[in-house]
Amino acid sequence: MHSTRLLKPLSLCIAYALLLLAAAVTLVPFVWLVFASLRAPEVYFEFQFVPRIRSVQLVEANPRPDLAELWQTLQPARGLRLEEAREKLGAENVDRGLTEGMASLKSGAVDWTYLTGDYFKILLTQPEFSFVRNILNSVFYASVTAVFATLFAAMGGYALAKFDFRLRGAFTRLVLLALILPGALLLAPGYQLLFRLGLLDTYAGLILPGLAPAFGVFLFRQTMLNSVPMELMEAARMDGCGEIRLFFAVILPLVRPMIGAFLLIMFLGAWNNFIGPQIVLQTPSKFPLSVAIAQLKGVYSTDYGLLMAGTLISIAPIMALFLLLQKEFISGLTSGAVKG
Amino acid sequence: MQTPVEPPAQSVTNHISHPQNQINETMHTLSLSPGSWTILALAGFSSIALLFYKDPPAEGLEFWLFSKHHESMYRQTIVGEADPVVSPVVISFQALERRLLSGFLSDTPVPDVVEVEIAMAARFFSGPLEAIGFLDLRERIEAEGLDRRINPPAFSPWSREGRIFGLPHDMHPVLLGYRADIVEAAGIDVTEIETWDDFVRLFSPLMRDFTGDGVMDRYLLDVWETDAFAVEILLLQAGGGFFDTAGRPVLQSEINARVLATLVTWTTGDTRIGANVPRFDAGGNRQRLEGFVICHLLPDWYAGGLQREVPGLAGKLKLMPLPAWERGGNRTSAIGGTMISIPARASDPDAAWEFAKKLYLDKDIAREMYQESLIVSPVMDHWEDAVYDEPVPFYSGQPVGRLYLEVAPAIPPRAPSPFLTIARESVIDALIRTRREAMNRSLVTVEAILPVARRELGVAQRHIEGKMSRNRFLQPPGETP
Amino acid sequence: MSLSRTHPRWVPYFFIAPFALVFGIFMFYPLVDSLFMSTYQSFGPQHRTFVGFENFVHVFRDADFRTALKNTSVYTLASVTVQLPLALGLALLLNRPGIKGKALFRLIFFSPSLVGLVFVAILFGLLLGSRDGLVNEALRAVIPGFPSEFFWLQRYVMGSLILASLWMYTGFNMVYFLAALQSVNQDTLEAASIDGANAVQRFTHVVLPEIKPVAGFVVLLSILGSLQLFELPWILFDGAGPEKRGLTLVMYLYQNGFEQNDLGYASAIGWVLAILLMFIAVLHRKLTREED
């Protein structure tokens, strides 16, 4: 008993250490992203993370006796800021001293002058980027897809979980089949179909095909099999509750966590989808954020600062939404994980 | 059965014990969580907000391009003109390829005029000649003498079997960019370099191990065994490559084998001069800046790209012709490229043709293209423009345009093929296998490695022939299925 | 399982209708289309020749298909044997009594699932850079004598892919495990503890049986998802990677269908994959049924 009492706090410490390590590993890319969206273009590739003040250090003895003149010129640079030294002694002298190994740079405190919000300003205000419109498009596309896909999935799952009808078995098998079919199979025939239906370059063409999520029907079916008691439905019907009202007022509240979870899944999927919108939509003003960001990565050049700022803009709302829905998301997801 | 779900499981027991209460509680409120309500609200608000946005209807000629950069460059010409009215649409690379292909193959909408990149062009040139979705512009080009006004090899990537499917936007000749600050400090005279052997001999002393750990901290050239960009440049420069003008694969050639064997020596052991320095990549750009490599294979567009992406290199680089593979050999190569073309189903091919000419033959746009991105025009009328002689500070005051134009007539022709991607991958794979075997068997000279390179290129050749022969629509020209 | 018996006949049809309609038009019809397509060799949708089962025969002779199958299998195996245990381990740590800030940790671990793939491509170019990539710098700090250049993306293709997928998906799977762990009965655990069961015994005898249904589901999802891997290697290696060591089944499908325009062969590959997936799903069902 005595030893466990000592062990407990120790093992708790180890647990914390491991968790913090894992969290740090997970977060490093995000920290990098934040600085990558703030670092000024002049020093963009000179720092991995935050720009630092660099001061010039001269080595003890001149390693290149043949360049004695340069060595003399560089003497006053000792301890100066790199920018200052370049200005006073000539940029080519300082750079040469660095490449010849006479001088080195010492990084100090954060250099705030090289952190800038310009990338965000450009994206959000300059007309050629119309990012505000892109954000609105994304919100619309993701939220409408999420709402209707969740509704349809919940309805479908309800029918399959709680009713006996002739096509029940066939539909259940179809849903399971659709779960495991590779989506790439549908890319080409899907585009042809949208064209024949006249849905190219419309939001409908983008949203409609996403409204039959087999995974969602499956999840809702699983959840409702387990958490919607038949007695309750019968009781409600005896009470004179209509079938549609029964679904919205009794059944849906019972699967609240699953609704939250699935809304989030669909929102996330639509928000990050960029193959779909690029193929279906033709008018740039209809493009969602994901496409606008992908366009910042050019074939022959990339503007990193803008790209990273755009990425940050697109991640932030998703993070907020996840925070809001976190609890339901987790309990919802696992309620689908039960066999039925 | 166990239920690992807490909240629903609890509610189940609740309902079973007091179904009536629960019904009364929930009947009148559709109870959703704040998060769910947020998404619902977002759906509502954004729908309403979008109702107030009216998209200006696209009118006139529809012009698809994949480069935002190009669009802003053309904007003045496009916006200023009433005839023809043109609506530019920027579509990302993959999507443009997808949509255009779909338009050609199955009648989905196509633009009136479109800019096509070389990597996707090959795909459109596949299949039966009459199934190619672009208008054959040969007659128009010859009638107006454009074939004499535009540098002839610039047409090669856009031509198949005597047809020309577009006007070239560029030529993309390649020069060698070197760190003048480092090279000149060492007293090396680059005019003494004529061949790659000279290059290795004269520059090798520049490789350094600053940290004293026995590993070099400075290499000579940005080539690597997995670097398709560099391998293609070097193969084409040597006179090798992937396909002949008839579209037949020619991977297994003595020239290719020699380049591959040389590349193995450049990336291994004591003879190593190359380093893996990715392009358009934060890490790679930092390594260029630090001088981890001191020479870079620079097509004109990448010379411009480096100037834009790595301002810290300003004043440190100079350009020179590529060292040749043998004395008197070719001093340049070509990589990348764009054309403008007109889909066969375009609504008004004549207007599209006039527009394409205006854009691509225009002297002001050519000049702006150069000033913005250092890309030199393939239109020979413009070559006399003084803008190409202006010193470029980033490249130590050299007349960058002039240097590129001097080598431009010698750029190697490049035959398009729908199997280009596969061919490129096969050659890279052959190089990787050759390198591995050379290392295992401790082969260190080009001559010792050559037999391995020949054999592995043979494997690559058979691989691509196998792929091509399976395709019933794409029999090599001359052998009709 | 109880089913409603006292409803009007139209009710189930009404509820299944929206899904069925959309599914029928946008999924089922194109799927059937692709099934027919798999018996043709095509050049785009308009030029086609009937080849019968030739496409399916060729699949089994195709060396590239075998490469893709091998890579996909290795990746799937790694997902199940490396990623899932890691996810479970994280969940166990996080579920320890006394750990504060659970929600925050959970958010952090889950956050990689929230970002788009364009960012991931750029990110891993940076993390896995051969010389001063962050991963190599970290390894150099920990392992003495770690080489100054280590070519993740150029030579250790599968390794980079697995590393990238660890970052992307471990947190997602952890969320499942964590939720399952939270519903493990604490009284049973305490009783076992009082009976003298150590941590390992408590885990194997109390925790594991309780989280089994969820674990089984996660394993299945992970296998099905891994077998359909495409976009991550596609953007990471800008294609199949050196020596096609990043080639996966769905990528091969995509290359044939959309780069070579042979939708027929692509469909055949897709259906072979579908059959493989179905086989695994059925096997999984059988296995979990038998255990019950």
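User: Is the crossing of α6(A) and α10(A) left-handed or right-handed?

Analyst: The crossing of these two helices is right-handed; a crossing is right-handed if the near helix is turned clockwise from the far one by less than a right angle, and left-handed if anticlockwise. Helices here are DSSP runs (H or I, at least four residues) numbered from the N terminus. This is a predicted model in which local features need pLDDT of at least 70, side-chain atom pairs count only at pLDDT 80 or more, and totals for chains, interfaces and linings use all residues. Residues are numbered from 1 along each chain as its sequence is written, and chains are lettered from A and ligands numbered from 1 in the order in which they are written.

User: At what angle do the axes of α6 and α10 of chain A cross?

Analyst: Two packed helices are described by the angle between their axes and the distance between the axes. Here α6 (residues 131–162) and α10 (residues 214–227) of chain A cross at roughly 50°, their axes coming within 7 Å. α6(A) is therefore oblique to α10(A) (under 35 degrees is roughly parallel, over 145 roughly antiparallel, 65 to 115 roughly perpendicular, the rest oblique). Axes are lines fitted to C-alpha atoms, for helices over the stretch in contact, with angles from 0 to 180 degrees between N-to-C directions.

User: How many residues of chain B are in contact with chain A?

Analyst: Chain B contributes 72 residues, in contact with 67 of chain A, where contact requires C-beta atoms, placed from the backbone, within 7 Å. Helix α3 (residues 34–52) of chain B gives the most to its side, with twelve residues.

User: Which element of chain C gives the most to the side that touches chain A?

Analyst: The contact takes 73 residues from chain C and 67 from chain A. α1(C) gives the most to the chain C side, with 17 residues.

How values were computed. Two residues are in contact if their C-beta atoms, placed from the backbone, lie within 7 Å.
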